[in-house]
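Welcome! Please take a moment to look over the protein shown here, and keep it at hand while you read.

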Number of protein chains: 2
Amino acid sequence: VSLDAVKPQEEGDILERCRGFMSDPVSDIKELQGRKDEMRTRMEMLIMQTQAEFCKALEEVDGGTFKVDRWARKEGGGGVSCVMQDGKVFEKAGVNVSVVFGNLTEEAAKQMRSRGKVLKGKDGKLPFCAMGVSSVIHPKNPHIPTVHFNYRYFEIEEEDGSKLWWFGGGTDLTPVYVNEEDAFHFHNTLKEACDKHHSQYYKDFKKWCDKYFYIRHRGETRGIGGIFFDDLDSPNQEEAFNFVKSCTRTVVPCYLPIVYKHLNDSFTDEEKNWQQIRRGRYVEFNLVYDRGVKFGLATPGSRIESILMSLPLTGRWEYMHEPTKGSREAEMLKVLRDPKEWV
Amino acid sequence: VSLDAVKPQEEGDILERCRGFMSDPVSDIKELQGRKDEMRTRMEMLIMQTQAEFCKALEEVDGGTFKVDRWARKEGGGGVSCVMQDGKVFEKAGVNVSVVFGNLTEEAAKQMRSRGKVLKGKDGKLPFCAMGVSSVIHPKNPHIPTVHFNYRYFEIEEEDGSKLWWFGGGTDLTPVYVNEEDAFHFHNTLKEACDKHHSQYYKDFKKWCDKYFYIRHRGETRGIGGIFFDDLDSPNQEEAFNFVKSCTRTVVPCYLPIVYKHLNDSFTDEEKNWQQIRRGRYVEFNLVYDRGVKFGLATPGSRIESILMSLPLTGRWEYMHEPTKGSREAEMLKVLRDPKEWV
């Protein structure tokens with residue numbers, strides 16, 4: 001089923017598909033054409049396409065234009081960062097693609113996987129390739145939630161030449177106020193995509209998401225979750241890729257209907273203030289716990305501005321802020337302190 | 001010399017001194033009276049007094065009042081948090097005292113010292129006592145710098161009953177714009193206090209401060225420094241305490257003259273914006289690198305609101321922000337990228 005659904009995406013010549021991207025892909029187009037059936041080519045094409053589709057959908061609703069930065073990494077690879085700041089609808093919207101390669105130490109390779117498998121490299125070095133698309137969208141209106149997604153692929157070559165590979169990713173929503181209808185739409189869209197591939201995926205990856213996006217020192221989740229998975233290397237590479245492809249295709253239908261629905265919602269100063277406090281918590285999660293950010297900040301040669309693109313334009317920290325009992329702010333906190341099933 | 005200078009502070013009866021504090025001290029007053037010559041009593045009195053002197057000086061210039069929270073820690077000890085938020089002069093001013101005790105694991109004890117000494121506990125447990133005063137003041141006016149100080153004392157009891165103790169602390173300034181005169185005043189006041197105790201202290205602790213308050217992923221220091229030291233256990237307990245006492249007495253004279261000087265400086269929206277960006281960097285340092293914050297967030301039973309009190313009320317993250325060449329913002333960045341000698 002899933003193969004049929006996604007086939008058209010991969011049809012057509014590479015050059016032609018590249019014309020629709022926000023910029024040239026990270027790898028040379030000739031090189032991509034020369035290895036067009038390899039997974040790293042198919043994945044790079046997919047993440048570039050996901051970036052373009054999402055950016056264009058956001059530009060359409062906002063009326064603004066993304067600033068596109070194509071950058072190179074001295075140690076190998078590079079990326080394409082698209083940012084729209086202070087738009088009509090979006091306070092800060094970032095959609096980043098990166099494709100990096102080089103050599104990992106055995107220690108670093110171990111840390112890249114969430115379940116640490118011991119890897120054996122040639123003279124302790126492991127050639128690797130890591131690529132992904134990631135995005136965080138912070139709207140101005142407190143009734144439009146923040147969304148985040150990230151889909152990634154890793155390849156590591158061991159001493160004996162065998163290749164270890166896996167996919168990871170997820171999409172999650174961070175509203176400022178609880179809206180049951182939005183939450184259902186978001187989770188249900190993800191569940192439908194998951195169900196096409198494995199009956200356990202949504203259940204397992206929803207739980208993983210709530211666990212991952214947890215601000216331990218606050219005892220609350222960052223948002224109302226979605227799905228999150230890592231180390232996916234089953235049942236086989238083709239099917240794992242197809243699942244990731246299905247996920248990337250949900251990004252626009254998960255989020256854009258919610259944006260349009262609340263586009264003209266009016267809001268008060270108090271609601272804006274609560275949004276700013278939640279943005280502060282978003283910063284806390286990203287700087288203190290997020291594995292991607294921590295890995296990025298500690299990696300020499302990483303592009304800091306692309307990593308910290310996920311931070312909101314503004315955030316707020318009030319001492320001892322506690323919402324009034326029975327308020328909509330208290331309702332939001334209750335959900336963050338005790339994650340719900342939405343579907 | 002220093003003994004003479006500070007003696008009057010310790011004169012007078014404990015009960016009488018407590019009357020001037022922001023609240024009752026953390027330890028029971030009767031208990032303090034019963035062990036009045038012990039270092040942990042003298043230090044608790046000193047940090048409570050430092051808190052009161054600093055808070056009162058800030059209240060005088062602002063016209064506002066500190067909110068005082070006295071809190072207990074289930075595992076032993078507690079603290080007194082004083083916060084003034086959205087005052088006339090100060091956006092957020094926090095002055096916190098904490099006095100905690102209990103048992104440390106050998107692993108945790110090792111982490112508390114910046115040079116990790118292996119400690120031997122009874123059945124792996126080490127009774128400890130940790131206390132300190134710490135403060136971060138974020139003013140509204142971008143021409144008034146942010147100040148931070150922290151003075152602390154640790155005691156750990158080893159298996160054989162011997163007590164290991166040390167002091168740590170420092171005071172540092174984070175301006176939004178370079179002001180040579182302010183920088184000189186701040187550093188010189190600290191240098192004069194240091195010079196009374198050891199001719200190397202200022203030089204060594206100034207360097208340590210620049211090294212500690214370094215935002216590695218940005219390649220810039222948090223501010224223009226001051227002094228920072230840890231593990232101070234020489235030449236003897238009395239003299240180390242006297243040095244810390246001299247440091248705590250510089251807090252008001254280091255900072256308040258700078259506040260009064262710029263109290264009525266006018267500022268533009270652009271200057272306010274640059275302040276907000278610098279506040280964002282302050283958040284990055286505190287959440288990603290600060291040892292105290294990391295230790296606090298990872299410690300069960302710690303009071304999160306007192307730890308994160310150091311965060312500004314508001315912060316800002318603009319993608320790829322780079323000041324115009326030759327601007328006062330660029331001048332500030334230059335100093336943060338290449339720390340200067342101010343005295």
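The report below walks through symmetry, charges and backbone details.

## How to read this model

This is a predicted model, in which local features need pLDDT of at least 70, side-chain atom pairs count only at pLDDT 80 or more, and totals for chains, interfaces and linings use all residues. Residues are numbered from 1 along each chain as its sequence is written, chains are lettered from A and ligands numbered from 1 in the order in which they are written, and side-chain values use heavy atoms, with hydrogens and water left out.

## Two chains and an axis

Let us start with how the chains relate. Chain A is superposed on chain B by a rotation of 180 degrees with 0.0 Å of shift along its axis, and the RMSD is 0.0 Å. This is the relation of a two-fold axis. Within chain A, Gly315(A) has the C-alpha nearest the axis, at 2.7 Å from it. (Copies are superposed by least squares on the C-alpha atoms of residues with pLDDT of at least 70 in both.)

## Patches of charge on the surface

Which residues gather in a patch of positive charge on the surface? They are Arg216(A), Lys294(A), Arg216(B) and Lys294(B). To find Lys294(A), go to helix 10 of chain A, residues 291–298. (Helices, H or I with at least four residues, and strands, E with at least two, are DSSP runs numbered from the N terminus.) Lys294(A) counts as partly exposed because its relative accessibility is 44%. (Buried means under 20% relative accessible area, exposed over 50%, and partly exposed in between, with a 1.4 Å probe and protein chains only.)

A negative surface patch is made by Asp123(A), Glu157(A), Glu159(A) and Asp160(A). Glu159(A) sits in the loop between strand 5 (146–157) and strand 6 (163–174) of chain A, and is partly exposed because its relative accessibility is 43%. (Patches are made of residues with over 30% relative accessible area and no salt bridge; like charges are joined within 9 Å, and nonpolar side chains, namely Val, Leu, Ile, Met, Phe, Trp and Tyr, within 5 Å.)

## Salt bridges

Side chains of opposite charge can pair when their charged atoms come close. How many salt bridges does a search of the whole structure find over all chains? There are 52. (A salt bridge is a side-chain nitrogen of Lys or Arg within 4 Å of a carboxyl oxygen of Asp or Glu.) One of them pairs Lys140(A) with Asp86(A), whose closest N and O atoms are 3.0 Å apart. This pair links distant parts of the chain, 54 residues apart: Lys140(A) is in the loop between strand 4 (125–139) and strand 5 of chain A, and Asp86(A) is in the loop between strand 2 (77–85) and strand 3 (90–105) of chain A. With a relative accessible area of 25%, Lys140(A) is partly exposed.

In chain B, Glu180(B) and Lys340(B) form a salt bridge (2.9 Å, N to O). Glu180(B) lies in helix 6 (residues 180–195) of chain B and Lys340(B) in the segment after helix 12 (328–337) of chain B, so this pair links distant parts of the chain, 160 residues apart. Glu180(B) is partly exposed at 46% relative accessibility, and Lys340(B) is partly exposed at 30%.Another bridge joins Lys261(B) and Asp182(B) (2.6 Å, N to O). Is Asp182(B) buried or exposed? At 6% relative accessibility, Asp182(B) counts as buried, while Lys261(B), at 38%, is partly exposed.

## Details of the backbone

Now for the backbone itself. The peptide bond between Ser234(A) and Pro235(A) is cis, with omega about -5 degrees. Pro235(A) lies in the loop between strand 9 (225–232) and helix 8 (237–262) of chain A. In chain B, a cis peptide bond runs from Ser234(B) to Pro235(B), with omega near -5 degrees.

Which residue has a positive phi of about 55 degrees although it is not a glycine? That is Asp86(A), the partner of Lys140(A) in a salt bridge. Asp231(B), also not a glycine, has a positive phi of about 60 degrees. Asp231(B) is found in strand 9 of chain B, and counts as buried because its relative accessibility is 3%.

Terms used
Areas by Shrake-Rupley, 256 points an atom, 1.4 Å probe, with all protein chains shown as cover. Lys, Arg positive; Asp, Glu negative; His and termini not counted. Charge placed at Lys NZ, Arg CZ, Asp CG, Glu CD.
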